[in-house]
Amino acid sequence: LPYSRVQHESVFTHGEFPLWNRYNSAGLPLFGQGQSQFLDPLHWIVVVGEGNGWAWDLKFLLSKLIFLAGIGACVFLMTGNRVVTVAVTTSAAFIGFFYFRFNHPVYFNLTYAPWVFYGYLQLVRVIELNRKSGSHIWPALPLVGIFLASVLNLFGGTPKESSILFAALHLAGLTGVVIASLES
């Protein structure tokens, strides 16, 4: 019985937040065990779809498309070259991670990861524009983007891997921000 089916029944039949899996050992934590993905907007496709195969297929497809769009946005922002962007984005669809961890919730950890990095790239861009023009543009939009992508990253997959990915993305992003701030 997939968790998404239990979540669907919990929300739409019993009208409650899916905290428990009532079908396993007289009730085990469902939300607290970290693989429910209930707060991920993409996961609502399978919750509404009653955990059926077509809904999971759609979630997998949209997840990979969001990941690839983020990779493409990052590469284009860094290079400005459309040919390189298309080549890297196309090849990113075939990274070994997707074949090594297929049909596991950790697959969805990568969905929003490039968007965190994209927010940091935008933040570096604002810092460089401020330095060149002498003005002070408040980087609200990149900061909101970083925050939202980080939250989605934490809710999108398994907690352990999300935490490691979260730390690595923010370390890389903050390193870029520090370097951009120190350049004269």
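**Arg5 and Glu50**

I looked up the Arg5 pair first. Arg5 forms a salt bridge with Glu50, the closest N and O atoms being 3.2 Å apart. I take a salt bridge as a side-chain nitrogen of Lys or Arg within 4 Å of a carboxyl oxygen of Asp or Glu. The pair links distant parts of the chain, 45 residues apart: Arg5 belongs to helix 1, Glu50 to the loop between helix 2 and helix 3. Helices (H or I, at least four residues) and strands (E, at least two) are DSSP runs, numbered from the N terminus.

This is a predicted model, so I kept local features to pLDDT of at least 70 and side-chain atom pairs to pLDDT 80 or more, while totals for chains, interfaces and linings use all residues. Residues are numbered from 1 along each chain as its sequence is written, and side-chain values use heavy atoms, with hydrogens and water left out.

Arg5 is partly exposed at 27% relative accessible area. Glu50 is partly exposed too, at 36%. My cut-offs: buried is under 20% relative accessible area, exposed is over 50%, partly exposed is in between (1.4 Å probe, protein chains only). I also noted the backbone of Glu50: its phi is near 60°, a positive value in a residue other than glycine. Most residues other than glycine have a negative phi.

**The other salt bridge**

How many salt bridges does the structure hold? I count two. Glu161 forms one with Lys160, the closest N and O atoms being 4.0 Å apart. Glu161 is partly exposed at 22% relative accessibility, whereas Lys160 is exposed at 59%.

**The chain as a whole**

I listed eight helices and two strands. From the N terminus on, the order is α-β-β-α-α-α-α-α-α-α. The C-alpha atoms fill a box of roughly 65 × 30 × 25 Å along the principal axes. Of the 184 residues, 40% count as buried. Among contacts (heavy atoms within 4.5 Å) with a separation of 6 or more, 58% join residues 24 or more positions apart. The accessible surface is about 10200 Å², with 70% of it on carbon and sulfur atoms. Areas come from the Shrake-Rupley method with a 1.4 Å probe; for residues, only the protein chains shown count as cover.

**Helix 3 and helix 8**

I checked both helices for span. The expected span is 1.5 Å times one less than the number of residues. Helix 3 has 27 residues and should span 39 Å; its end C-alpha atoms are 39 Å apart, which agrees. Helix 8 (residues 159–182) has 24 residues and should span 34 Å; its ends are 34 Å apart, which also agrees.

The buried residues of helix 3 include Phe60, Phe67, Leu68, Ile71 and Val75, and also Lys59 and Lys64. Just after helix 3, Gly80 takes a positive phi of about 75°.

In helix 8, I found Ser162, Leu165, Leu169, His170, Gly173, Val177 and Ala180 buried. Residues three or four places apart in an α-helix point the same way, because there are 3.6 residues a turn. The buried residues of helix 8 pack against helix 6 (113–133) and helix 7 (140–155).

**The core**

Which residues touch the most other members of the largest nonpolar core? Of its 19 residues, they are Phe67, Tyr120, Leu123 and Val177. Helix 3 (53–79), helix 6, helix 7 and helix 8 each give two or more residues. Helix 6 gives the most, with six. A nonpolar core here is a set of buried Ala, Val, Leu, Ile, Met, Phe, Trp, Tyr and Cys residues joined through side-chain atoms within 4.5 Å.

I then looked at Phe117, in helix 6. Phe117 is partly exposed at 25%. Not counting residues up to four places away in sequence, Phe117 touches Cys74, Met78, Leu169 and Ala172. Phe117 and Ser150 are 33 residues apart in sequence, and their C-alpha atoms are 9.6 Å apart.

**Surface and strand loop**

I noted a nonpolar surface patch of Phe17, Leu19, Trp20, Phe31, Leu39, Leu154 and Phe155, with about 620 Å² of accessible area together. Patches are made of residues with over 30% relative accessible area and no salt bridge: like charges are joined within 9 Å, nonpolar side chains (Val, Leu, Ile, Met, Phe, Trp, Tyr) within 5 Å. Leu19 sits in the loop between helix 1 (3–13) and strand 1 (20–21). Leu19 is partly exposed at 43%.

Arg22 is partly exposed at 40%. Arg22 touches His14, Glu16 and Gly27, not counting residues up to four places away in sequence.
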